[in-house]
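Let's take a walk through this protein together, from its strands to its helices and its aromatic rings.

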Amino acid sequence: MELHPVKMKPGGPQTALTNITGRVNAYGQPVEEFEIQFINGFVLDSKLARAIEPSQCNIIAMMEAMETWTEEQKLKVIIAVGEGGASFDIMADDPDDIEIDLYSDMTLEDLAYQFVDEGLFGEIPERLSFYLDYQAIARDLGHDYAETCICGDHYVYRLA
């Protein structure tokens, strides 16, 4: 059986839907399956596609998400699914429902400093804060938090 690739017109979700509706193969039969690849686009969108794994069932919803979701919503899904192993149905689930504490441009040690400054460990006089072992605090935070790098940006996160 010979495969005959069909060049799709560029555009958004509606153009894609128009492109795939009514397609027939070389024998005049309706096309039953399409090979879907993320070839060209923003790096963050490619990470989203890798996490969600586009298929014929969800490709239109995936394209709409790439166009309408904020960077934070995309990051939530990428981290929850790609890093945390959560399941996410792009056609039914809302990325804002993902419970995640997300800190950008940080390491666990940076987070340790922030938590001490915010008083999460109680009131610590400034003169004593120089004696704190922030690396040890960061190691302890590593039990609940994790670090990742997405598109060259570093994040610390905790999934609920």
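This is a predicted model: local features need pLDDT of at least 70, side-chain atom pairs count only at pLDDT 80 or more; totals for chains, interfaces and linings use all residues.

How many bridges join strand β2 to β3, and do the two run parallel or antiparallel? Strand β2 (residues 146–150) and β3 are joined by five bridges, and they run antiparallel. Two strands count as paired here if DSSP finds at least two bridges between them.

Residues are numbered from 1 along each chain as its sequence is written, and side-chain values use heavy atoms, with hydrogens and water left out.

Now step back to the whole chain. The protein has seven helices and three strands, and along the sequence they follow the pattern α-α-α-α-β-α-α-α-β-β. Of its 160 residues, 31% are buried, where buried means under 20% relative accessible area, exposed over 50% and partly exposed in between (1.4 Å probe, protein chains only). Contact means heavy atoms within 4.5 Å. Among contacts between residues at least 6 apart in sequence, 55% join residues at least 24 apart.

Rings of Phe, Tyr and Trp (its six-membered ring) pair if their centres lie within 6.5 Å; planes under 30 degrees apart count as stacked, over 60 as edge-to-face and the rest as tilted. By this rule the count comes to five aromatic pairs. One of them is Tyr103 with Tyr145, a tilted pair at 6.3 Å centre to centre with 55° between the planes. Tyr103 lies in strand β1 and Tyr145 in the loop between α7 (134–141) and β2, so this pair ties together parts that are 42 residues apart in sequence. Tyr145 also pairs with Phe115: the ring centres are 5.9 Å apart and the planes stand at 65°, so this pair is edge-to-face. Phe115 sits in helix α5 (residues 108–117), 30 residues from Tyr145. Both Phe115 and Tyr145 are buried, and Tyr145 has a relative accessibility of 8%. Together, Tyr103, Phe115 and Tyr145 form one aromatic cluster.

Finally, look at the helices. Two packed helices are described by the angle between their axes and the distance between the axes. Helix α2 (residues 43–52) and helix α4 (residues 71–83) pack at about 35°, with axes 9 Å apart; axes are lines fitted to C-alpha atoms, for helices over the stretch in contact, and angles run from 0 to 180 degrees between N-to-C directions. Residues of α2 that meet α4 include Leu44, Leu48 and Ile52, and on the α4 side Leu75, Ile78 and Val81 are among them.

Technical notes
Helices (H or I, at least four residues) and strands (E, at least two) are DSSP runs, numbered from the N terminus.
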